[in-house]
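Here is a short report on one protein model. It covers salt bridges, a sheet and a single residue.

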Amino acid sequence: MIVHRVEAGYLPGLAAADVQWQTLPFQHDGQRVDVAVPVLTAPQMQALAQRIRHASAQHLKTMTVSEIIAVIDRAIARLLDRNDPYRQQADLLLPIVSGYDAEMVRLGLTGFFKTFRAAQLHRFVAEDFANPKVLDDFQPAAKGGAVRAYGPQLLVHSWAGNVPALALWSLVCGLLVKAGNIGKLPSAEPLFAGWFARLLAEVHPPLADCLAVVWWKGAGDEDASALYAQADTVVACGGNASLQAIQRRLPVTTRFLAHGHKLGFGVVGATALDALKAPALARRAAWDVVRYDQQGCYSPHVFYVQRGGVVSPRDFAGYLAGELSNLQQRYPRRALDLEESAAVAKWRQSIEWKQPADDADALIGDPAAAWSVAYIDKPQSLAPTALQRSIVVAGIDALDDVAPLVAAHDAFLQTAGVAASPEELYRLAGQLGSAGVTRISAIGSMSLPEAGWHHDGRFNLLDLVRMTEIEQSAEWAAEPFAPYEP
């Protein structure tokens, strides 16, 4: 067995010999990675937070947002270069740590990194700020006076590890608002954030002390509390129980931005179901199911398929099953642990038990296959599947039927993939938006959010900043004191 040993995290100002380390072992496909993660004491965490605050005030906050974007772009260009050592390390080790197929990880990383190039980041900033220069200096306000946006002095991130490199999203957001950043590594994927921090320090050395990457076990102890006590803002992704545990640790004055469990689904109109379009659409839908085995918050659990097309909902389910089978040959599902396997078996069993002998409902495919398609020939309320490439196709009579079927989960709704005519798209979008959906994409793009998307319907950057206004009255009051006044 090939064994790789890697030191994770990024701790400016702290020597490795002064830090305790814990080893997290990962094994996949005949290879093993032993990841050493740093275990800091509460005083070390406090000292690190002070260092990051001071350095970001000296360096990061003096840069323009365009200069920051240029630095990030240079780092991302290296990550997109297959010959760069950082990218080679990611391609080699992330499949072992995550258990996902290596080629799927490679394609996923490339698609993800492309959304962080300079052009995309400029659009990202413009999405939240009509005048991005408001991040650099006071700018004229439409109502009169002037306004400026200030990012946190210290932004703390608690990252989830269900998808490789997921930490990049909030870390880039923190950099764009000029915050000092400290991120807590997820135990499920403790590598990428530290690599990116080191890469930024190489690309632009003044940023070396403006961010750090730490780790603690579970909800943490005094070490976690010491860091959270220093934070102006905390951004956290994960399960609802984990988010509640973090929130209990925070001072009441700390801004807390939480991203918890979400449910995605797809809608296919009859206009998309002719003999030519339906197979291609099923191929794209299969990709949304297969990417990272539905571990993303944007992944689909149900496809609602309208009757009345040339291809029936049941036949679409068959096409989808065939595509999942093909993709399994190219990108095998990661090995499941005992709990995950039991969850898939329980989900399949729950569907089988509901089926009368003469019912049109069906589980399609070999029970031993690494994917599951359940066809249900009646209205089906949205509910989570067992993930791991398990998906429901539900027949519906009209697109207007979908919103009532998903509305009960309004607090958990996020992404809906839609295949319908332009007129149907906008009518359906209005209904789904009212039901709680915050993102509508093409089927095939559900698991590939655009740069600048409003995560969970919120502003990625605006939610991180505070606004300082110079009111017009202050401008008028200052005029008599100008040297040019008599």
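How many salt bridges does a search of the whole structure find? The search finds 20. A salt bridge here is a side-chain nitrogen of Lys or Arg within 4 Å of a carboxyl oxygen of Asp or Glu.

## Basis

This is a predicted model, in which local features need pLDDT of at least 70 and side-chain atom pairs count only at pLDDT 80 or more, while totals for chains, interfaces and linings use all residues. Residues are numbered from 1 along each chain as its sequence is written, and side-chain values use heavy atoms, with hydrogens and water left out.

## The five-stranded sheet

Five strands form an open sheet in the order E8-E7-E6-E9-E10, with parallel pairing. Strand E8 (211-214) and strand E10 (255-259) are at the edges; each has a single partner strand, so one side of each lacks a neighbour in the sheet. From one strand to the next, the twist averages 15°. Pairing requires at least two bridges found by DSSP between two strands. Helices (H or I, at least four residues) and strands (E, at least two) are DSSP runs, numbered from the N terminus.

Strand E9 (residues 233-237) runs parallel to E10, and five bridges join them. Cys 237 stands opposite His 259 in E10. Helix H1 (residues 42-58) packs on the sheet and touches strand E6 (154-158), strand E7 (180-184) and E8. The direction of H1 makes about 145° with that of E7. Axes are lines fitted to C-alpha atoms, for helices over the stretch in contact; angles run from 0 to 180 degrees between N-to-C directions. Contact means heavy atoms within 4.5 Å.

## Salt bridges across the chain

Arg 53 and Asp 232 meet through their side chains in a salt bridge (3.7 Å, N to O). Arg 53 belongs to helix H1 and Asp 232 to the loop between helix H8 (222-228) and E9, so this pair ties together parts 179 residues apart in sequence. Are the two residues buried, partly exposed or exposed? Arg 53 has 21% relative accessibility, so it counts as partly exposed. Asp 232, at 27%, also counts as partly exposed. The cut-offs are under 20% relative accessible area for buried, over 50% for exposed, and partly exposed in between (1.4 Å probe, protein chains only).

A second salt bridge joins the side chains of Asp 136 and Lys 178 (2.7 Å, N to O). Asp 136 sits in the loop between helix H5 (118-128) and strand E4 (139-140), and Lys 178 in the loop between helix H6 (167-176) and E7, so the pair ties together parts 42 residues apart in sequence. Asp 136 is partly exposed at 22%, whereas Lys 178 is buried at 5%.

## Helix pair and network

Glu 323 and Arg 283 also form a side-chain salt bridge (3.6 Å, N to O). This pair links distant parts of the chain: Glu 323 is in helix H11 (residues 313-330) and Arg 283 in helix H10 (residues 277-290), 40 residues apart. Glu 323 is buried, with a relative accessible area of 13%. Arg 283 counts as partly exposed at 41%. Elsewhere, a network of salt bridges links Arg 78, Asp 84 and Glu 202.

## Thr 23

Thr 23 is found in strand E2 (residues 20-28). At 48% relative accessibility, Thr 23 counts as partly exposed. Which residues does Thr 23 contact, leaving aside its neighbours within four places in sequence? They are Asp 34, Val 35 and Ala 36. The C-alpha atoms of Thr 23 and Arg 5 are separated by 9.3 Å, with the residues 18 apart along the chain.
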